[in-house]
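Consider the structure below, starting with the overall fold and moving on to the ligand shell and some local backbone features.

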Amino acid sequence: DAYLGAIDAANETFNAYVAVTHDKAREMAKASDERLAAGKGGALEGIPLGIKDLFATEGVHTQAASHVLDGFKPRYESTVTANLWADGAVMLGKLNMDEFAMGSSNETSYYGPVKNPWRAKGSNVDLVPGGSSGGSAAAVSAFLCAGATATDTGGSIRQPAAFTGTVGIKPTYGRCSRWGTVAFASSLDQAGPITRDVRDAAIMLKSMASVDAKDTTSVDRPVPDYETALGQSVKGMKIGIPKEYRVDGMPEEIEALWQKGIAWLKDAGAEIVDISLPHTKYALPAYYIVAPAEASSNLARYDGVRYGLRVPGKDIIDMYEKTRAAGFGREVKRRIMIGTYVLSAGYYDAYYVQAQKVRTLIKKDFEDVFHAGVDAILTPATPSAAFGIADQDMAADPVKMYLNDIFTVTVNMAGLPGIAVPAGLDGKGLPLGLQLIGRPFEEETLFRASH
Ligand code: GLN
């Protein structure tokens, strides 16, 4: 009731929730109370969570913040949310996001932008919460849920976490099942939690992660009790500092933040080593070929027949075209066009195949460093703090918006785990985040070091 009251009072301001499931929340909370009274109860018993609109929730609004999925209420539950409910969690509602998780500012949502609960000192300018999991990050930051599910294809958990002073972890590709999560780029998409601290992230990820026969890319490995990694020393841990992440024009305060993080780990007994990830500069361009290519294929299913919106036409082709023209927003259309282009005959080898080769090299860069004994890599999470809603520069040039992902996309391209943790405030009083990148399936190392 406290959380529902807070949402009812504040959601008009933040626009973090696209659907609030009052009745379902109370029903689930009541069932939870009964389990507790009977001496039962799971790891998340009674914990009220917000769910990104990308996760299918049975009988509940699921639209990936898109007009094309108007009215869609799935008859099935995503594996990740089913795992959370099995552990006793309670659903408060569905969270705003960039349409189909394409964006870095939550401004591509059909439901309009989300406001970051943070503002610069003495300023009344509204800031973005980051994206695509902007609703998740804003809701956690503004205490409109105890934790939230999110997804990360190129940075969509870590960047919004950094912009809102929250914690976000993208686990290793395959750690969480993608079944029932609306697909953006299937070889990059991973679910993970956004929470207020590292402990909550450890608890929530344990519940979300599982092998699943319905997703053949989910991996059959036991899920560790991540919480036991907290409080363990980082003494002797080898932390790599990649020189290629010192990008041109990086603001001084981001460099200072990075140095502060290095000093913290060093003081705690970690060994700091300079490393090189030579193909880093190709990651962003390769990502913006691979991700749209997969998206153009995944989004072919929204045809006005199977889901959501249908705009009538004079024949079936006309209906498809009218539905897709009306149903998708500008950024989604841009991705579909880029993706279709790079997959088309004549361009496939030059763009798509080339990007896949680059991807292999990026992955190999990380493997080399980890084989040389590095346990985790420390970088800034983002190249700046949160920026203003309707930023003129970014609106005029989509590539400027894409640069937000410069420190995060490499991790998705290589399938590695990455965590963003709040690391202090900038000169204007806005939160900044640091990122730790780990070996495949070594989320425990990230929890231990970031905690
Ligand atoms: N900002 C990136 C994009 O727009 C990443 C999005 C994501 O991780 N879902 O593709």
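A residue counts as buried if 20 or more other C-beta atoms, placed from the backbone, lie within 10 Å of its own. By that criterion, 55% of the 451 residues of the protein are buried. The model is a predicted one.

The protein has 15 helices and 11 strands. Its radius of gyration is 21 Å, close to the 22 Å from the globule rule for 451 residues, so the protein is as compact as a globular protein of that length. Along the principal axes, the C-alpha atoms fill a box of roughly 65 × 65 × 50 Å. Among contacts with a separation of 6 or more, 76% are between residues 24 or more positions apart.

Next, the ligand. It is surrounded by 13 residues, and the closest are Ala101, Ser104, Thr153, Gly154 and Ser156. Sorted by class, this shell holds seven polar, four nonpolar and two charged residues.

The backbone has some local features to inspect. In the loop between β2 (48-52) and α3 (79-86) lies Ala64, which has a positive phi of about 50° although it is not a glycine. Ala65 is placed in the loop between β2 and α3, and its phi is positive, about 50°, although Ala65 is not a glycine. Are these residues buried or exposed? Ala64 has 29 other C-beta atoms within 10 Å, so it is buried. Ala65 is buried too, with 32 such atoms within 10 Å.

Further along, a cis peptide bond joins Gly131 and Ser132, with omega about 5°. Ser132 sits in the loop between β3 (90-95) and α4 (134-141).

Notes: Residues are numbered from 1 along each chain as its sequence is written. This is a predicted model: local features need pLDDT of at least 70, side-chain atom pairs count only at pLDDT 80 or more; totals for chains, interfaces and linings use all residues. A residue is near a molecule or strand if its C-beta atom, placed from the backbone, lies within 6 Å of it. Ala, Val, Leu, Ile, Met, Phe, Trp, Tyr, Cys and Pro count as nonpolar, Asp, Glu, Lys and Arg as charged, and the others, Gly among them, as polar. Helices (H or I, at least four residues) and strands (E, at least two) are DSSP runs, numbered from the N terminus. The radius of gyration is taken over C-alpha atoms; the globule rule is 2.2 Å times the number of residues to the power 0.38. A residue is buried if 20 or more other C-beta atoms lie within 10 Å of its own, exposed if 12 or fewer, and partly exposed in between; C-beta atoms are placed from the backbone. Two residues are in contact if their C-beta atoms, placed from the backbone, lie within 7 Å.
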